[in-house]
Amino acid sequence: MIYDGHIHIRPGKVNPVELKEQMTQCGIDGGVLISLSPENGTFDSRVENLLEWTEGNDELIPFFWINPLETGAIGQVRRAIEKGVAGFKIICDRFFPGDPKCMSVCKIAADSDKPILFHSGILWDGKPSSEYCRPVHFESMMTINNLRFSLAHIGWPWCDEMIAVYGKFLNFKSRNPRSKIEMYIDTTPGTPANYREEVLRKLFLTGYDVENSLIFGSDCDANDYNIEWTAKWVERDKMIYTTLDLSEKVVSGIYKNNLEAFISGSNQTRDYKDLIPASF
Ligand SMILES: [Zn+2]
């Protein structure tokens with residue numbers, strides 16, 4: 001089973017039947033659908049559009065893209081959850097993750113047991129904004145006790161920084177056993193193909209527990225799912241996982257089980273004392 005943890009809805013026709021057909025053609029069984037961006041409509045119209053895609057399709061999971069700077073953002077989180085949204089997407093394009101407005105939104109999501117998928121790394125949005133998305137800025141999330149969040153694109157090109165931040169969160173958890181914060185790594189490219197093996201190899205050779213935290217994603221559009229692109233990335237990644245000698249259990253975690261844990265919170269029983277090399 002392969003779930004795609006990162007699919008964008010674009011403006012246009014809502015057609016989940018066609019989407020599922022396209023996904024099936026490249027071996028994808030389901031995935032996370034991210035709503036239209038905040039620039040593309042009102043809160044109500046965007047939630048409605050998102051649920052039109054996902055309702056009646058259990059394998060399509062609705063995530064709502066929220067702009068924490070918008071007036072009423074906290075109310076939007078609450079109302080989106082009431083409507084059935086499973087998680088949130090945030091792109092920090094003009095504010096740091098530690099901005100009080102962003103932190104308030106994250107806290108409400110965390111208190112409601114809903115995960116947040118952040119963009120991280122270089123941001124292709126036509127304006128100077130990537131600095132806000134550097135992995136190290138997400139250390140701010142440490143103060144939100146029960147937050148589950150993931151950083152997309154392995155923080156490309158700041159992949160080393162992202163791995164270091166991930167290690168820091170594991171260390172934080174071992175120091176603060178009562179903290180329920182969980183960081184996940186969304187492997188959506190990001191990384192150009194020629195960097196892929198190096199990055200995945202580094203991730204798995206750190207000695208950190210990454211096997212329960214990696215989530216596969218494609219960054220495809222729901223409106224025109226790119227079958228060829230996704231099939232290629234799955235094939236390339238699987239070859240790398242074979243080279244790295246990963247077990248079937250670990251690989252199925254990356255392709256489905258970790259996403260489920262990210263959404264449901266079922267990873268929280270892990271013992272963090274054993275997840276980082278003792279020498280560090
Ligand atoms: Zn994306």
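Which strands does helix 2 lie across, and at about how many degrees does helix 2 run to strand 3? Helix 2 (residues 43-54) lies across strand 2 and strand 3 (60-65), and runs at about 170 degrees to strand 3, where axes are lines fitted to C-alpha atoms, for helices over the stretch in contact, and angles run from 0 to 180 degrees between N-to-C directions. Helices (H or I, at least four residues) and strands (E, at least two) are DSSP runs, numbered from the N terminus.

Two notes on the basis of all this. Please keep in mind that this is a predicted model, in which local features need pLDDT of at least 70 and side-chain atom pairs count only at pLDDT 80 or more, while totals for chains, interfaces and linings use all residues. Residues are numbered from 1 along each chain as its sequence is written.

Now to the sheet, which is open, has nine strands in the order 8-7-6-5-4-3-2-1-9, and shows parallel pairing; two strands pair if DSSP finds at least two bridges between them. Strand 8 and strand 9 (220-221) stand at the edges with a single partner strand each, so one side of each is left without a neighbour in the sheet. Strand 1 (residues 3-8) is joined to strand 2 (residues 30-34) by four bridges, in parallel, and Tyr-3 has Gly-30 of strand 2 as its bridge partner.

Let me turn to strand 7 (residues 182-186), where five of the five residues are buried, meaning that 20 or more other C-beta atoms, placed from the backbone, lie within 10 Å of a residue's own. Glu-182, Tyr-184 and Asp-186 point one way from this strand, whereas Met-183 and Ile-185 point the other way. With strand 6 (residues 148-151), strand 7 pairs in the parallel sense over four bridges, and Leu-151 has Ile-185 as its bridge partner.

Terms used: Buried ≥ 20, exposed ≤ 12 C-beta atoms within 10 Å, placed from the backbone. Contact = placed C-beta atoms within 7 Å.
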